[in-house]
Amino acid sequence: MVSDGSSADIESKLSAEEIRYMLHGSDSELVLNSLPVGVALLRMPGYILEMANSTFARMIGEVKSHSLAPESRFEEVLPKQWMNVIIPLVDRAIETKNRVTVCKARSGAEEGGSDAYWLIACQPVPNGASNTHHAIILSQDVSEQSVLLKRLKALSALGSSLSRGYSLDEFLADGVGKCSAAISADYCAAFLLDQDTPRLLRVAESKPLCWLPSEITFDSPEEWPCGIETSASAYVSLPQANAREARWLGSIGAYGYLRIPLMTVGRPIGGMAAVFKKIGYVPPQEDIEFAELVAERCAMAIAANAAIAEYGRLLAAEQEAHRAATAKAAQMEALLESLECGVVAYDRNGYVILTNRACEEMLDVGKPQSRYGDDIAFGITLEKLDGEAVSLKEMPYCKLLREAALADQHYMMHYTDGSYRVISFNGGIVRDAKGQMSSAIIIMRDITRMYEMEKTREEVIRLISHDLRSPLTLILARAQMMERVADKPDAVRKNAMGIVLSARYMNIMISDLSDSFRIQSGKITLKRQVFDLAKFISDCVERWLDAPETTRLKLDIEPNLPPVYADPVRLERILTNLTTNAFKYSTGDSEVLVEAARYQDSDDQALISITDHGQGIAEDELPHIFERYWRASEARERSEGMGLGLYICKELVEAHGGRIWVHSVQGQGSTFFFTVPFAG
Ligand code: ADP
């Protein structure tokens with residue numbers, strides 16, 4: 001049931017008084033039949049039709065009103081489909097004594113027309129005291145409003161279908177389907193223009209028609225009868241069609257077609273075609289306008305879809321670029337991290353923007369966040385190689401930020417644990433497009449080994465020119481003396497002993513020197529064997545017996561020691577070095593004791609110790625005793641020695657998997673201990 005403004009219109013137009021007037025007036029029939037509103041008057045309760053005008057007759061399908069003869073019984077003249085609508089309407093109006101309204105659709109299919117919609121109202125009219133009364137039936141054709149309403153609904157449904165998650169194909173199919181139904185076309189399709197080919201691709205159709213191909217190629221836009229070459233829509237029927245269109249229409253058995261371009265931002269992107277078969281048919285303007293509205297929405301949807309696709313493509317491209325950049329950055333970082341050189345970069349304000357692992361290790365810091373250049377000394381003291389401190393202004397990063405050259409500058413870095421490294425600094429500036437400095441990069445190379453080798457080289461030169469010459473001078477002096485005292489056997493023996501001793505020192509020094517080089521270059525290799533330690537020590541002592549000091553030597557070897565697993569040549573070097581030192585740094589006839597026993601702390605090792613009662617070593621010098629080239633201040637006075645013996649002993653003991661250490665009290669003497677592994 002419908003009750004809206006339309007029924008009120010009827011009422012305002014025709015009051016009961018007016019109807020009575022019309023009924024009783026002389027020209028009543030003429031007036032009534034000219035009314036656009038259907039009017040029928042029923043006398044109740046018998047449903048006797050007193051009169052009906054021609055509009056009413058048209059509504060119920062009677063062509064003329066006089067076929068509805070006055071005083072006829074209503075149910076006899078009323079077609080059946082209307083009986084079910086109007087009789088209940090009248091009954092309800094009489095019963096409620098109120099006006100009742102209903103909207104009835106009548107299919108126009110059987111008459112080849114479109115559907116009609118009628119708004120019907122029944123107004124009971126009481127007849128004073130008498131039992132009889134009237135019912136006035138008023139009807140109004142609201143087909144036009146209904147069609148408009150339906151189209152509006154179709155358009156709004158179309159508008160919301162995209163937001164309901166329709167795909168573009170579904171949306172277009174929905175659009176052309178709705179358009180086809182709304183404008184009573186026999187077929188409706190949408191095409192998209194492929195500018196490159198050029199061709200039209202059918203992207204949607206109302207119902208499949210085998211006669212319309214899905215892809216149409218053509219030489220120029222004018223060839224395709226879809227109106228895409230103009231921005232205006234047009235209806236073309238057979239009589240106005242050009243030869244090509246006529247052929248096309250004829251081939252599909254159509255009378256005419258409505259063509260509407262699909263436009264986005266003033267550019268045709270395709271077209272919509274609605275085909276009509278009914279001969280002589282011309283679609284009304286409102287149908288064309290409706291089709292244009294649908295086409296507009298389809299074009300909008302296509303444009304939105306293209307924009308979304310473009311956005312997707314851009315997004316994917318951006319993601320790909322981001323992925324590539326990330327991969328490149330990761331590669332770069334991996335490369336930087338694997339570099340032996342330290343790399344640190346600063347921005348133009350001196351903030352650290354990048355460091356690699358080698359840099360952090362060299363500077364002994366964790367990953368710095370953003371620190372101002374001043375802090376980038378990282379608590380490390382820089383020194384020039386001659387020992388002079390480097391001022392803040394002269395710090396490599398400060399120099400670079402001032403755009404001063406930084407090429408192959410060598411500085412020494414001291415660490416909190418007392419160690420040091422020699423670092424070579426190189427730097428460069430990165431400039432932006434305007435030539436302004438945007439960042440500064442410092443490359444640090446650890447050249448400590450090179451530096452030390454250079455120092456060693458200098459030492460060796462010094463050694464050869466001075467230290468090795470000292471025992472040689474002694475040998476020469478003693479030999480000359482022997483020549484002079486050849487007839488005095490005691491003096492000869494004394495000088496001969498001096499020669500042997502100096503030659504032995506020289507031999508040790510040469511061995512120390514070559515071993516030190518081997519250790520330095522990592523070329524020392526052990527030739528291990530299993531042998532008896534007690535016998536080995538006795539044999540060594542036997543070999544030393546020609547030296548005068550050996551009279552001071554005492555042995556104390558634990559019986560039944562298991563055999564050791566060691567390189568006998570290297571073990572003799574250790575024993576010789578330590579024993580020679582014991583003789584060298586003790587005087588007179590003080591005893592030198594060599595002991596060998598099981599090591600209490602580790603029963604798979606032998607403990608060997610060499611004790612003297614000589615000058616001992618000052619407490620503050622003890623930590624340096626095994627360092628290369630190190631000699632106690634007192635020892636430096638003596639000519640023999642290079643400070644290599646203990647360093648070599650330590651390296652050799654550790655190469656065997658043992659340990660070496662010393663107990664010493666200045667003025668009382670020293671004991672050097674070392675361990676050697678037992679075999680098995
Ligand atoms: P050098 O050739 O000077 O003896 P070493 O490496 O053998 O070199 O010894 C390093 C320094 O350790 C010596 O210069 C000396 O000062 C000290 N030293 C070594 N052994 C003893 C010892 N038995 N008594 C006192 N000082 C010693």
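**Close-up views of a predicted model**

**Figure 1. Packing around helix H19.** Helix H15 (489-520), helix H17 (568-584), strand E24 (660-665) and strand E25 (669-677) are the elements against which the buried residues of H19 pack. The model shown here and in the other views is predicted. Helix H19 spans residues 645-655, and its buried residues are Gly645, Leu646, Tyr647, Ile648, Cys649, Leu652 and Val653. Just after H19 comes Gly657, whose phi is positive, at about 85 degrees.

Figure 2. Helix H16 comprises 12 residues, 533-544. From its first C-alpha to its last it reaches 17 Å, close to the 16 Å expected at 1.5 Å a residue. Leu533, Phe536, Ile537, Cys540, Val541 and Trp544 are the buried residues of H16. Seen down the helix axis, these buried residues fall within an arc of 135 degrees and therefore line one face of H16. Lys535 and Glu542, on the other side of H16, are exposed.

**Figure 3. The start of helix H16.** A side-chain oxygen of Asp532 comes to within 3.4 Å of the backbone nitrogen of Ala534 at the start of H16.

**Figure 4. Leu533 and the nonpolar cores.** The largest nonpolar core holds 52 residues, and the members that touch the most others are Leu533, Leu571, Leu575, Ile610 and Phe674. When neighbours within four places in sequence are left aside, Leu533 is in contact with Leu561, Val564, Leu571, Ala596, Ala606 and Ile608. Another core, of 31 residues, lies apart from the largest one and includes Phe171, Leu172, Ala185 and Phe290.

Notes: Residues are numbered from 1 along each chain as its sequence is written. This is a predicted model: local features need pLDDT of at least 70, side-chain atom pairs count only at pLDDT 80 or more; totals for chains, interfaces and linings use all residues. Side-chain values use heavy atoms; hydrogens and water are left out. A nonpolar core is a set of buried Ala, Val, Leu, Ile, Met, Phe, Trp, Tyr and Cys residues joined through side-chain atoms within 4.5 Å. Buried means under 20% relative accessible area, exposed over 50%, partly exposed in between (1.4 Å probe, protein chains only). Contact means heavy atoms within 4.5 Å. Helices (H or I, at least four residues) and strands (E, at least two) are DSSP runs, numbered from the N terminus. The expected span of a helix is 1.5 Å times one less than its number of residues. The arc is that of the directions from the helix axis to the C-beta atoms. A polar contact is a pair of N or O atoms within 3.5 Å; within protein, one must be able to donate a hydrogen and the other to accept it, and residues adjacent in sequence count only if both atoms are side-chain atoms.
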